[in-house]
Amino acid sequence: GFHGSFASPFNGEDRTALRKSFSPPPARRSSKPLRLCPMMKNVNEGKGVFAPIVILTRNIIGKKTFNQLRGKAIALHSQVITEFCKTIGADGKQRQGLIRLAKKNGEKLGFLA
């Protein structure tokens, strides 16, 4: 028959050491808050001449539809800038600079609120 016991063969200290070796390390605290995902924030969000109209429109038609409409408008505007650059003979770097300028102006005016 069986002459042993079902008790653990480890005493208290051994059991604690064994438990620590299989447990994950304690979480380290950092002075910086944890950011889950990078977000590009508009520094002028909610400001600008057109921001109230943009926010009102977004609230009326819904965020998803609004973002689809805004995406189409931005794409159309980029195409206009591209055609303009072709007309005047500007290179890709100048075109990219104009698109960045348009984005910056859109933020300042409140179109990206």
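What follows is a set of questions and answers on this predicted model.

Me: How many aromatic pairs does a search of the whole structure find?
Reply: Rings pair if their centres lie within 6.5 Å. On that basis, the search of the whole structure gives a count of 1.

Me: Is the pair of Phe50 and Phe111 stacked or edge-to-face?
Reply: The ring centres of Phe50 and Phe111 are 4.6 Å apart. Planes under 30 degrees apart count as stacked, over 60 as edge-to-face. The planes here are at 15 degrees, so the pair is stacked.

Me: How many residues apart in sequence are the parts that this pair ties together?
Reply: Phe50 lies in the loop between helix H1 (12-22) and helix H2 (51-61). Phe111 is in the segment after helix H4 (92-109). The pair therefore ties together parts whose separation in sequence, in residues, is 61.

Me: What is the accessible area of the nonpolar surface patch that includes Phe50 and Phe111?
Reply: Val49, Ile53 and Leu109 also belong to this patch. Phe50 is partly exposed at 31% relative accessibility, Phe111 at 39% and Leu109, in helix H4, at 36%. Together the patch residues have an accessible area of about 450 Å².

Me: Over the face of which residue does Arg58 lie?
Reply: At 5.9 Å from the ring centre, Arg58 lies over the face of Phe66.

Conventions
Residues are numbered from 1 along each chain as its sequence is written. This is a predicted model: local features need pLDDT of at least 70, side-chain atom pairs count only at pLDDT 80 or more; totals for chains, interfaces and linings use all residues. Side-chain values use heavy atoms; hydrogens and water are left out. Rings of Phe, Tyr and Trp (its six-membered ring) pair if their centres lie within 6.5 Å; planes under 30 degrees apart count as stacked, over 60 as edge-to-face and the rest as tilted. Helices (H or I, at least four residues) and strands (E, at least two) are DSSP runs, numbered from the N terminus. Buried means under 20% relative accessible area, exposed over 50%, partly exposed in between (1.4 Å probe, protein chains only). A charge sits over a ring if NZ of Lys or CZ of Arg is within 6 Å of the ring centre and within 35 degrees of the ring normal. Patches are made of residues with over 30% relative accessible area and no salt bridge: like charges are joined within 9 Å, nonpolar side chains (Val, Leu, Ile, Met, Phe, Trp, Tyr) within 5 Å. Accessible areas come from the Shrake-Rupley method with a 1.4 Å probe; for residues, only the protein chains shown count as cover. A salt bridge is a side-chain nitrogen of Lys or Arg within 4 Å of a carboxyl oxygen of Asp or Glu.
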